[in-house]
Amino acid sequence: LEGAVYLEDEWQITPRLHANIGLRASLWQADEKTYYNLQPRLAATYDLQPNIQLKASYSYMSQYLHLLTTTGIGLPNDLWVPTTDRVAPQDSWQIVAGVEYRRNKFFDLSIEGYFKKLNNVITYQEGSSLTSIDAENWENNVTTGEGWAYGLEIFVDKNFGRTTGWLSYTLAWSLRQFDRVNLGQTFPFRYDRRHNLKLVLIHRLGSNWELSGNWVYGTGLATTLPISEYQASIPGFSGRSELAINFGEKNSFRLPNYHRLDIGANYSFGKNTKSHTLSFGFYNIYNRRNPLYYRLSRGTRNPLNPRGKQYIEVSLLPITPYFSYSIEF
Amino acid sequence: MSRRNTYRFLSLLLCFCLFGQSCERVVDLGIEEEQSRLVVLSNFEPDSLFKLSVSRSRSALSSEPLEYIDNAIVGIYEGDVLLEEMVTVFEPLLGRNIYTTRQLKPMEGIPYTVWVKALDLPDVSSTDVIPPAVPMTSLEIVGTPRFLPITPDQQTVQVLLRLRATFQDPPGERNFYHLNFFYKDINIQIDGEDTLKQETGIIIPLTLQDTPNDLPYLSHYNQGVLIDDERSDGEQMSFEFEAATRPVGRLEIFDYLFVELRSGSTAYYDYHSSLTLQSQETDTIFSEPIILFNNIVEGYGIFAGYNTALDSVAAF
């Protein structure tokens, strides 16, 4: 059972200073426990000049659904699970401060810094994964922890003329700490990408045709690779000897930087009541092999790996054509 | 081939080509291979000599044989004071030399440090302490044991029985346990009408059949169950398991069944649980690496203390 009430007020404090104040109260009834939360939000803007605006916000948020996902890389395997007696709701607070500059009929520029703290986030404890849990035992296979995300975002938007588009750049850090992952030590989260750049351009050719291009660039994802190994045969323990693999710190390696260019064309036609659009183009036009993950191949039977141990790169989505048709009425 | 089938064939061919490109390839990551380090492995308990193994690690990309080292200098210290230098002895169970103290037996609550120097590798050290023992409350056989014939003539059987072990977890502190069930190997000699029983000194673990593998239980890679009291601090802990003996020809060899409750240090639990999880991991695209605990400074391995409490029950 979930319930929530939200109050919000727009407040023009001075001709230049404007605030939006809100408060959300929510509750969640688990089997035995009831969770309550008061979540204040505050956002303020100040018009420094007619085309320059300063802005800042603070928000505290709580949610009763958890995204259960992995902390490293591999195939995405996200599950949504509810708050229970044992798994408390997750919450976060965030502060954002920035400036926005508008140059009419040319471009908008926005620069923002942010800091976000997350509490009671969950993930699979080491040794568990999507394939090892079910509806009965998932609580025994998750671990609770904290997260931090902070960085700077720059956004330039050109929305006038035949060529429009936008450019965004993010300098970001994202960290996690869980009791039962990485021996309790803080580590870079799977989405910890130091640099993220995205450029989108759209050029209109007459009234029917439109060309578009989209280039993304990002620092490689953090990953974990084996670095050494030894035989774990402990005196006093008769029986099996295990090969112990040392990975160092979790997510201490980086995949190669990610980049990709998509291009496309749209052809629109039709009358006022119905409009049709044909779209076609290519994802990853220069066929960049962006690795999804690496794994260490140990066998010598693998024809890819006749010499013994070597790293195998697994990548997806080479150059891929697309075609779509849409109708609006 | 009709035009429709031709289009279908070309579509499938295109999909196949795309998948073919999105595959695996060998890559050289250009990562500098890690130099070999000393590996020290030791678990110690009160009233037993220190025993320790020294070897060297190899790079993850190396296929060289893993070496044990017999000529290391190994010392056990209390603070800065050398208590005893260890010597090598042959360990029949492992089939190789290990290091042991000649007289020094560790005591509960004292932090011991091991220091190892060998070859041209960096010196390594580690410190740990033996925690207090937690006594067993009881060990019971639940229900009636079952006898599973192994051979057609039913002369060799495997005994299946349900065991319940109970102990009281001390409140207000984090405790880690390693629960083992075993019996002692007994040699039987028949002398006329007399049956002579003699212990061989070999401990035979009972195989646990149905150990849950969700926290707080973790079925140890070698034997027994690891337990973390995080969610049951101060409670009476009772564990019931189906256990199996090895196939035997004579039931008289079972005298008593034993439970050993090891109270491990944090390092003991962290190492054994992470190594166990590594050993259980299946290599799927959804699994993530298990970070192995290590408390050897400048090297790898484990130097950790544990305490024990024993209880027993008459077998049949």
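How many residues of chain A are in contact with residues of chain B, and how many of chain B are involved?

Analyst: This is a predicted model, in which local features need pLDDT of at least 70 and side-chain atom pairs count only at pLDDT 80 or more, while totals for chains, interfaces and linings use all residues. Residues are numbered from 1 along each chain as its sequence is written, chains are lettered from A and ligands numbered from 1 in the order in which they are written, and side-chain values use heavy atoms, with hydrogens and water left out.

In answer to your question, 68 residues of chain A are in contact with 64 residues of chain B, where contact means heavy atoms within 4.5 Å. The size of an interface is often given as the accessible area lost when the parts come together. Here chain A and chain B bury about 6,000 Å² between them, and 58% of that area is on carbon and sulfur atoms; buried area is what two parts lose in accessible area (1.4 Å probe) on being put together, summed over both. Of the area that chain A buries against chain B, 13% is supplied by A:Tyr230, A:Pro235 and A:Phe237, more than by any other three residues.

Polar and charged groups also meet across the two chains. There are 16 residue pairs in polar contact between chain A and chain B, both residues being at pLDDT 80 or more; a polar contact is a pair of N or O atoms within 3.5 Å, of which, within protein, one must be able to donate a hydrogen and the other to accept it, and residues adjacent in sequence count only if both atoms are side-chain atoms. Five salt bridges are counted between chain A and chain B, a salt bridge being a side-chain nitrogen of Lys or Arg within 4 Å of a carboxyl oxygen of Asp or Glu. The side chains of A:Arg180 and B:Glu230 meet in a salt bridge, at 3.1 Å from N to O.

Which parts of chain A form the side that touches chain B? At least two residues each come from strands E15 (228–232), E16 (242–246), E20 (291–297), E21 (310–315) and E22 (320–328) of chain A, where helices (H or I, at least four residues) and strands (E, at least two) are DSSP runs numbered from the N terminus. E21(A) gives the largest share of this side, six residues. Sorted by type, the residues on this side of chain A are 29 nonpolar, 26 polar and 13 charged; Ala, Val, Leu, Ile, Met, Phe, Trp, Tyr, Cys and Pro count as nonpolar, Asp, Glu, Lys and Arg as charged, and the others, Gly among them, as polar.

Strand pairing also runs across the two chains, and two strands pair if DSSP finds at least two bridges between them. E21(A) and strand E1 (residues 24–27) of chain B run antiparallel and are joined by four bridges, with A:Tyr311 standing opposite B:Val27 in E1(B). An open sheet of three strands has the order E16(A)-E15(A)-E4(B), with antiparallel pairing. Its edge strands are E16 of chain A and strand E4 (58–59) of chain B, each of which pairs on one side only. Within this sheet, five bridges join E15(A) to E16(A), and A:Gln231 stands opposite A:Leu243 in E16(A).

For context, chain B has two helices and 20 strands, and 46% of its 316 residues count as buried, which means under 20% relative accessible area, whereas exposed means over 50% and partly exposed lies in between (1.4 Å probe, protein chains only). B:Asp228 lies in strand E17 (residues 225–228) of chain B and B:Arg174 in the loop between strand E12 (157–168) and strand E13 (176–191) of chain B, so the pair ties together parts that are 54 residues apart in sequence. B:Asp228 counts as buried because its relative accessibility is 2%, while B:Arg174, at 45%, counts as partly exposed. Salt bridges that share partners also join B:Glu140, B:Arg146, B:Arg162, B:Arg164, B:Glu240 and B:Glu242 into one network. In chain A, the side chains of A:Asp192 and A:Arg194 meet in a salt bridge at 3.2 Å, N to O.
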